[in-house]
Amino acid sequence: MNNSYLKIEESNDELFIIFYGKFDLYLVSTYQKQIDSIKRQNLKTVNLDLSNLDFLDTAGAIFLNTLQNDLLSQSKKVKIISENKIILDTLELTQHTKNINLDTFKTENFMGKIGKNFILNYKSFLSFIEFFGLIFVAFLKYIFFPKTIRFREIFFEINESAIKAFFIISITSFLIGLVVAYQSAYQLKLYGANIFVVDMLGISILRELSPLITAIVIAGRSGSAYTAQIGAMKITQELDAMKTMGFDPFAFLVLPRIIALMIMMPILIFLSDMMAILGGMIIANVDLAITTELFLNRFNEVIDIKHFYIGIIKGPFFAFLIASIGIYRGLKVKDDTQSIGFNTTKSVVESIFAVIICDAVFSIALTNLGI
Amino acid sequence: MMGVVIEAKNIKTVFGDKVVHNGLNFKINEGEIFGLLGPSGCGKTTLLREIVMLQEIHSGSIDVLGMDVAKISHKNAQNLRQQWGVLFQAGALFSSLSIAQNIALPLYEYTDLSKKMIDEIVKFKIDIVGLKLSDANLFPSEISGGMKKKAGLARALAMDPKLLFLDEPTSGLDPISARDFDSLILKLKELLGLTIIMVSHDLKSIYDTLDRAAIIDDKKIVYEGALDNIASIDNKFIQTFFGESYE
């Protein structure tokens, strides 16, 4: 059945390339090889004979056009022999698109890419600063017009993003307390320094572990939820609808979430403190033979109240970072579904990172202040 | 009687380095149904978003009810927003609220009406757009696309606005619902004296409802006025869109 082939005839300085049957996508590379193998130096005229061709697809036509341009640029004469109107039309059509300037398809060079990336990052940095500005302005409005505070939304969010997290935070903290105590018990026993487990647990949990654990759980649980909720509202144009009705999304959606989390974070950290210490106390009792009474007496003696306050004070800062990054990412969602996933991931990663940076800053500042 | 409610002068819109509108001028009179038409990608929806202050214009000015939206103060903007209603393409109902709550929301926020009164108003709006009262407590996720549009319209009408913006009100509706929607819009215009601005692709609905239209093509307004003589305008889009299909 396959009677498509290429015939090449040479006479003096003239070349005839005769196409038979059909010329489509699947034949391009075969023909290319055949034609490339012809020595071209001495040729003056090339005749592309299409009169025996019954069918030419656009790939074939593009190939013929490229070949023609190639030959013309080598200053050879090219003749196309065909009377089939459809084939000539196909050739003309592909010729036409070839003449369109392909500026938009230009590949960028290395410096261009760096520049573009830089501008992109710079712009997203600016938009983040703008976001903080908008939060600040909305906050001032709350302060000067207390009537506009959305108490209902704040309480709703307190329940949704904090109270419903009580259980998971309790369990996680309890286990962390358990594990830390268990690991240190083994080391402390070697030196007979059993009682120091209280010092260790008290300071590490109250000061560092509880705030961090709470922040990480909340970032993964509530921060990501903020991004997804607000992102979905953006896609369904709910945010636009609010704006046209004159409801400021910052007053309705953003601030209630931030305020709710800032109020609840210290309480969650307190809960986490209790549960982690409880876990440690159980291990001290079982593994190191420190009775509950002894544990609590020692705790009272050696653990300064400042450690507890430092841990609690971090709460609102962490909460602000988690909530604002979560919401910012939600507002960045574009009109496609992939964008929600992308921004949710980013929101969790960025907020945990921001929390750890913030914690490091606290650590350095407080140590230098001698607290 | 026929005052100008919206006047656009020399609007220029630019996205990145792509110019979408280059010097648009048009006027919308009180009490008419005005269409923004044009081929896809010509920036009809963008123009609508600019009028309702969701998007900033690059240069030029838009006066809505006598206020320039580019230089409007916050207070005037809030005032203006209570005088218009916007129906988005997919309704854009608040997904955490039921239909009735969606409609009641602006009333609760902006008025001190009693709950009983608001309930009455909500009932009336649900009825006037052709929804069943039994649907009032359903959530947006539980209703069909056509119902979402009707509920969105009811919400847009909640504050008895002077202006109503519709973004492709009949797209995605079956032909029967689409015609119902058209007659609903005409009825509302008659009953409430609304000025309606709509973006549409639906030829039937364009002929049935519009008083006047502006046609955007190639960054400019190529035609503004009544549709009666439109087929005689020499423009490629107008010819393909209105030319042969004109009954």
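In the largest nonpolar core of this predicted model, which has 70 residues, A154(B), F165(B) and I196(B) touch the most other members. Such a core is a set of buried Ala, Val, Leu, Ile, Met, Phe, Trp, Tyr and Cys residues joined through C-beta atoms within 7 Å. Its largest share, 5 residues, comes from helix 5 of chain B. A second, separate core of 52 residues includes V197(A), F318(A), L321(A) and V348(A).

Leaving aside residues up to four places away in sequence, F165(B) touches L48(B), V52(B), W84(B), V86(B), L87(B) and I197(B); contact here puts C-beta atoms, placed from the backbone, within 7 Å.

Helix 5 of chain B deserves a look of its own. Spanning residues 145-156, helix 5 reaches 16 Å from its first C-alpha to its last, close to the 16 Å expected at 1.5 Å a residue (1.5 Å times one less than the number of residues). Of its 12 residues, 11 are buried, with 20 or more other C-beta atoms within 10 Å of their own; among them are G146(B), M147(B) and L153(B). The buried residues pack against strand 6, helix 3, helix 4, strand 7 and helix 6 of chain B.

Chain B as a whole holds 8 helices and 10 strands, taken as DSSP runs (helices H or I, at least four residues; strands E, at least two) numbered from the N terminus. Of its 247 residues, 40% count as buried.

Residues are numbered from 1 along each chain as its sequence is written, and chains are lettered from A in the order in which they are written. Local features need pLDDT of at least 70, side-chain atom pairs count only at pLDDT 80 or more, and totals for chains, interfaces and linings use all residues.

Definitions and conventions: Contact = placed C-beta atoms within 7 Å.
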